[in-house]
Every structure is written in structure tokens, then in C-alpha cells.
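Reader: I am new to this structure and would like a friendly tour. Could you show it to me and let me ask about it piece by piece?

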Amino acid sequence: MKKKVTHLLACLIPGVMVSIFPAPDGLSVEAWIFFGIFASVVIGLILEPIPPALIGFIGIVIAVILKVGPVGSGSAKITPAAAINWGLSGFSNSTVWLIFAAFIIGAGYRNTGLGKRIALFLVKKMGKSTIGLGYAISIADGILAPFIPSNAARSGGTLYPIISSIPPMFDSYPEKDARKIGGFLVWCSLSATCVSSSIFLTGQAPNPLALQVAKEAGVDIVSWGGWFLAFLPVSIILFIITPLMTYIVYPPEIKSSPTVVEWAKKEYDLLGDINSKEIYLIIISLFALTFWVGGGFFRINATTTALIVISLMISSQVITWDDFLSNKAAWNVLVWFSTLVTLAAGLKNVGFLEWIASWANIFIANYSAMYATITLIVIYYFIHYFFASTTAHVTALLALFITIANSIPGMDVRLVTLLMLLPMGLMGVLTPYGTGHSPVWFASGYVKGSDFWKLGAIFGVVYLLIYLLVGVPFVKYVAYEYIFN
């Protein structure tokens, strides 16, 4: 109890600082107040004195009361109605609903037993070693990544229901013995998707969005093949080391067991023949996969597909309406991520991000082109701590960073823009809210909050160092002519 009180008081520090110190030069009072609220929320998400979703909810309520966050904050034009409309805007975000849908789809795999059937099959084939399961996850995600541009749909909607069915077979649960195997599999799944999101231009939706934003800012960069080539040496290294690094940094207690495969075979046989609900779910899943892969051709949004899937699952009795209503994890993540999306958008609305960009310009204006390039990459990468989605990150900052690059003498703007964009998938590993699939794995509960932040920092730094040491020189000195000509 004392620890929770201490953590709760720590969350109030940014608010106290905002009330004591005046706003820095160039930053409005409203932006300063909003930053205090946002910082308190982030500290709260790290320390978790109360449920994370409640922390974000309280942050939104305070911002709405103070009328800071919407575009034009501080002006008399911000009415109470406008403030609350902004505060609730995250609940209409399509990515939020896609994440919510992933949890409901996961319930279908659990309820029908299909998840258990698939998981037992995986254990039969690769269960001799835990790290083998880790590589199986990476391979599956890598195969799907070029075709499913929503990492929330790919990792949260397709892989999560299967992977989350494995730990209970080893008596590993979020509330009991999570480190047996569940924590390892969850972190391996999350980080593998972050890597695959950077490997392919279509690995995550923000990648092509970023190219479009750059083009509108006057910088036309690469094609699908050019993106893949530019990241190729880094992708090979990260694909190989991610399960291994997870195995070393966050090791499972169960390394291997000669009896596991035999046990899995017996358990698989006990399931008997596949039942009608499992068949319905397979058909529905294939439908979902088809429309997620061919979303551009069919002109159906990934979230729309997910909502159709939920409707079909309920209609075919794969899950019941009560299953839908009683899924606490799904409703919790809906509230939690909706508030974070809104708060992250508020940073741009109040001008806080523009203020950061202006300061960055002052500090790096006299750098050499290479030092300026590395500085921009590092800042653009780690500033993702302030964003609840990569899409918001791209929308808010990319054009500003391109403007900064244009102002530096001798800067190859095309090169620095591409180098900033390639690791955007990797950024998602930093926080529990950094990209679409992160909240799904975080909310599973197998990796506790403090561990999630520590692992995010470790993997985030290692990924960036490998990218800077291998990827940047490769693009600049080896593949430059092919990529840009």
C-alpha cells in the first residue's frame, strides 16, 4: 500500500512542476499544462499505482476540464462541447477497435478449442525446445508481414490467439508462473512483429503513409523493393537474434523437456475430430486473412474486416453475446488505448511537438551532415516514447524533421528521410502503447509493467545500435545508387 501511495505521488510531480515553473520560452501556457498532464500519465503507466486504463482516463478528464488538448487550446473558442468531443475522439479510432477486435477473436480460439488444437500441433512439431517455439513465431510473422499491413491484425488478430494458448499447457498463467514460458513467448511475439514491421514497406500501415507524407514535403524516396533492400542486412541480423536475445535477457524457466512432445501428441489425440465450431472459425479466419491481405483490392479497411469477423463469430455461435460483453481484457484495452491516442494527438494540437522540433533545429544547425543525420535518426526514434501509435508519430513529426534536414547545409534530404523511416517498426518495441499490436501483448499480463518497460528500453537500444552500425553505412555506401536511381 505504501509503495502504491509513493508511486501515485510520483505521478503528480510533473503537475507540481508545471504549477511552480513558468512555461519555457516559445511554449504556450496551455501546451505546458498539457505536457504536465501527459508526463504524469506516462509516469503512471510505468509505475502503475492504479490500473493503466484508469490513468489514461483520468488524464483525459483533467485535460477536458482544463480545455487543453484540442486544436486552438487556450482560446475562448474551445467550448465545453468541443473539449469533450476531443476527449472522446480516441474511441472512434479504427486502430483502437482493431485491437479490441483481436481480443474478441482470441476468445473464439479459446472457446472453440481451435487455439489449443493449433498450439498442440506447434508443440508437437517444435516443442523439444522453447527457443524453437520462439523461432516458429518469428517465421510465421515474417511470412505474413508483407501481406498484412496492419501489425495489429497480423500479430494481435492472427498470432495472438494461437500463441496465448500455449503457456497454459505448461501451467504458465499471467497471475501464476508467467516466467515459466508465457513471458518469453509474449515478448518474442511482440519484438518479432516490430522487426517484421520494418523489413517490408507493407509490414505496417504507417510505412507507406510516411512515404506519402515525405512526397508531399517534396521528398520522393523509394519503392517496395528499394525499402526491402535498404533494410536487408539489418533485417537478417535482427530476425536471427531476436528470439535468441529474448531467450538470454528474459529466459523461460522451461528450456526443453523430452516428455513435452509425447504429452502434446497424447493431448492432441484426446481432442478428437475437429468440431463444427472449429470449422466455422477456420472459415471465418480464412475470410479475415483474405480481406486483410487484399484490403486494398477489396477496398475494405482492416478494422471493418475485424468487425465483420466478430459479427460472423457471434452469428455462428463460435462465441456468444455474453462472451462478447464479458471480455474484460478487451474492454479494458479499448478504454486504455483510446485515451492514449487522444493524449498523443493533443501534444501536436497544443504545439508542443513543434516546439521540440524548433529546439532540435537550434542544436544541430551547425553539425556536419553525417552528425546531423545520426542526431535526427536518434531523436526521431526515441521521441516515439511520446506517441501511442506510429501513424500519429509520422503525422505529427515527419514533415517537421524533413524541414529541419532541409535547413542543414550539405544534407542529403532523401537519404536522411529514408534513414529516419526504416526503423519505424522497431520503435514499437519501446513502450506498451507504441504500435498497434503492443497493447494486445501487454494486456495479456504475462510480462509485468516494469519488465515491459525495461525490455523495451534494452531491445530498443540494441535494435537502434545495430541499425546505426550496419544499416546506415549499408544504405549510404553500398546500396545508395540502386535505391535512389
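Reader: Which helix does alanine 288 lie in?
Author: Welcome! Before we start, this is a predicted model, in which local features need pLDDT of at least 70, side-chain atom pairs count only at pLDDT 80 or more, and totals for chains, interfaces and linings use all residues. Residues are numbered from 1 along each chain as its sequence is written, and side-chain values use heavy atoms, with hydrogens and water left out. Helices (H or I, at least four residues) and strands (E, at least two) are DSSP runs numbered from the N terminus. On that numbering, the run at residues 276–293 holds alanine 288, and it is helix 14.

Reader: Is alanine 288 buried or exposed?
Author: Buried means under 20% relative accessible area, exposed over 50%, and partly exposed in between (1.4 Å probe, protein chains only). Alanine 288 has 3% relative accessibility, so the class is buried.

Reader: Which residues does alanine 288 touch, not counting residues up to four places away in sequence?
Author: A contact means heavy atoms within 4.5 Å. Alanine 302 is 14 residues along in sequence from alanine 288, with 8.7 Å between their C-alpha atoms. With sequence neighbours up to four places away left out, the residues that alanine 288 touches are Thr305 and Val309.

Reader: How many helices and strands does the chain have?
Author: Of the 485 residues of the chain, 54% count as buried. The C-alpha atoms fill a box of roughly 70 × 55 × 45 Å along the principal axes. As for the count, the chain has 26 helices and 0 strands.

Reader: What is the radius of gyration of the chain?
Author: This radius is taken over C-alpha atoms, and the globule rule is 2.2 Å times the number of residues to the power 0.38. For 485 residues the rule gives 23 Å, and the chain is close to that, so it is as compact as a globular protein of that length. The radius of gyration of the chain is 23 Å.

Reader: Which residues does leucine 398 touch, not counting residues up to four places away in sequence?
Author: Leucine 398 is among the residues with the most contacts inside the largest core. Leaving out residues up to four places away in sequence, its partners are Ala210, Val213, Ala214, Tyr380, His393, Met420 and Leu421.

Reader: Which side chain does a polar contact join to that of threonine 242?
Author: Threonine 242 lies in helix 12 (residues 224–249), where its 2% relative accessibility makes it buried. A polar contact is a pair of N or O atoms within 3.5 Å; within protein, one must be able to donate a hydrogen and the other to accept it, and residues adjacent in sequence count only if both atoms are side-chain atoms. At 2.8 Å, the partner side chain is that of tyrosine 463.

Reader: How far apart are the end C-alpha atoms of helix 9?
Author: The expected span of a helix is 1.5 Å times one less than its number of residues. Helix 9 has 13 residues, for which a straight helix would reach 18 Å.

Reader: What is phi of aspartate 177 near?
Author: Most residues other than glycine have a negative phi. Aspartate 177 lies in the loop between helix 9 (151–163) and helix 10 (182–199), and counts as partly exposed at 34% relative accessibility. Its phi is positive, near 55°.

Key:
A nonpolar core is a set of buried Ala, Val, Leu, Ile, Met, Phe, Trp, Tyr and Cys residues joined through side-chain atoms within 4.5 Å.
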